[in-house]
Amino acid sequence: MSAEAAVLPTPSNLKDQVHVDVVEAKKQTTSSIKSFIAGGFGGVCSVLVGQPFDLVKVRLQTTEGIYKSTFDCFAQTIKKDGITGLYRGMSTPLVGVTPIFAVSFWSYDLGKKLVYMATPNRESKSLSTAEIALAGAFSAVPTTMFMAPSERIKVLLQIQGQGGEQKYKGPVDVVRQLYKEGGMKSIFRGTGATLMRDAPGSAVYFAAYEITKKSLATEGKDLEPIKVLFAGGMAGVAMWTIAIPPDVIKSRLQSAPAGTYTGAGDVLKQILKKEGPSALFKGLGPAMLRAFPANAATFLGVELATSAMNKLF
């Protein structure tokens, strides 16, 4: 028998290879499902913890001269609307957060798989920090399609109750009025600005979490909940350290009446001209106050959900 004939696949070998491929495909599908479900659960945890801080951030970013500081905004909101006033607009992110965070963590998982596919001859199975950041940045692309309209609705609801009329009755009414005003384009206003915020933000977010998590890990042991909380909190702080300027631009663009700005670049130009560079950091205080607890809750939720699913299937 020739050397060529010796390496020809046999029916048995083909059957074994098919079995391996099927098993691997099932693992990949299961991994994606787990990432999707865990991300959604983590997102719910994030909204419940972080909504009051997010509301104050948006109000500071979209108004001038109404509030003296972060704590003044908290105080005025509570005085006028009570504690429940801090949860204005929460229904939109709470309802939308499951697909948004689910897609985000699913996309991050997919991003990591794409990195592995692009580097088949890699020497280490562990991803480098740069590769994790790349997967994180990729996660923002599909997520933005859900995030942008949700943020548009949330922002419009959050800026109500500051002395003006109640224009919207709720999320559905916002969608109805926006569609009447300018169709789907109006609903998705700020999509580019959202991606401009979330691509670099997500890159830093996931990289910071993995780096912190690795530094806290003890070989052979699962990471304790308190360490997960710390790693998640630090990921949130790292993300918002760079995300505030594009977030201000996004909030202004999404909250302004139609025709106020021609786009994100015009928002930036007008802010710098009228208010100066410091205005790009409006809302930094509440964003940072929210960043640690909200994202600590997110990653703890993700890790707990993943652990539970690993035990089930």
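Student: What does glutamate 181 form a salt bridge with?
Tutor: Glutamate 181 pairs with arginine 189, and the closest N and O atoms are 3.7 Å apart. A salt bridge here is a side-chain nitrogen of Lys or Arg within 4 Å of a carboxyl oxygen of Asp or Glu.

Student: What sort of model is this?
Tutor: This is a predicted model, where local features need pLDDT of at least 70, side-chain atom pairs count only at pLDDT 80 or more, and totals for chains, interfaces and linings use all residues. Residues are numbered from 1 along each chain as its sequence is written, and side-chain values use heavy atoms, with hydrogens and water left out.

Student: Back to arginine 189. Buried or exposed?
Tutor: Buried, because its relative accessible area is 17%. Glutamate 181 is at 39%, so that residue counts as partly exposed. The cut-offs: buried is under 20% relative accessible area, exposed is over 50%, partly exposed is in between (1.4 Å probe, protein chains only).

Student: How many salt bridges does a search of the whole structure find?
Tutor: The search finds 18. One of them joins lysine 227 and glutamate 224, with the closest N and O atoms 3.5 Å apart. Lysine 227 is partly exposed at 21%. Glutamate 224 is also partly exposed, at 33%.

Student: Which residues do salt bridges with shared partners join into one network?
Tutor: Asp54, Lys57, Glu151, Lys154, Arg197, Asp198, Asp247 and Lys250.

Student: And aspartate 109, what is its salt bridge partner?
Tutor: Lysine 113, with the closest N and O atoms 3.0 Å apart. Aspartate 109 and lysine 113 are four residues apart in helix 4, so about one helical turn separates them. Both are buried. Helices (H or I, at least four residues) and strands (E, at least two) are DSSP runs, numbered from the N terminus.

Student: Which side chain of opposite charge is nearest to lysine 34?
Tutor: Aspartate 109, but it is 10 Å away. Lysine 34 is buried and has no salt bridge. For charge, Lys and Arg count as positive and Asp and Glu as negative; His and the chain ends are not counted.

Student: So what is lysine 34 in contact with?
Tutor: Met309, Asn310 and Phe313, leaving aside neighbours within four places in sequence. Contact means heavy atoms within 4.5 Å. Lysine 34 itself lies in helix 2.

Student: New topic. How much space lies in the largest cavity?
Tutor: About 500 Å³. The search finds one cavity of 30 Å³ or more. On a 1 Å grid over the protein atoms alone, a cavity is a set of points where a 1.4 Å probe fits but cannot get out; a pocket is an open set with protein on both sides within 12 Å along at least five of seven lines; lining residues have an atom within 4 Å of a point. Grid points are joined across faces, edges and corners, and a volume is the space filled by probe spheres set on the points.

Student: Which residues lie nearest the centre of that largest cavity?
Tutor: Phe101, Met147, Glu151, Arg197 and Arg290, out of 29 lining residues. Helix 5 gives the most to this lining, with seven residues.

Student: What about the largest pocket, how much space lies there?
Tutor: About 850 Å³. Its lining has 27 residues, with Tyr108, Lys112, Tyr209, Glu210 and Lys213 nearest the centre.
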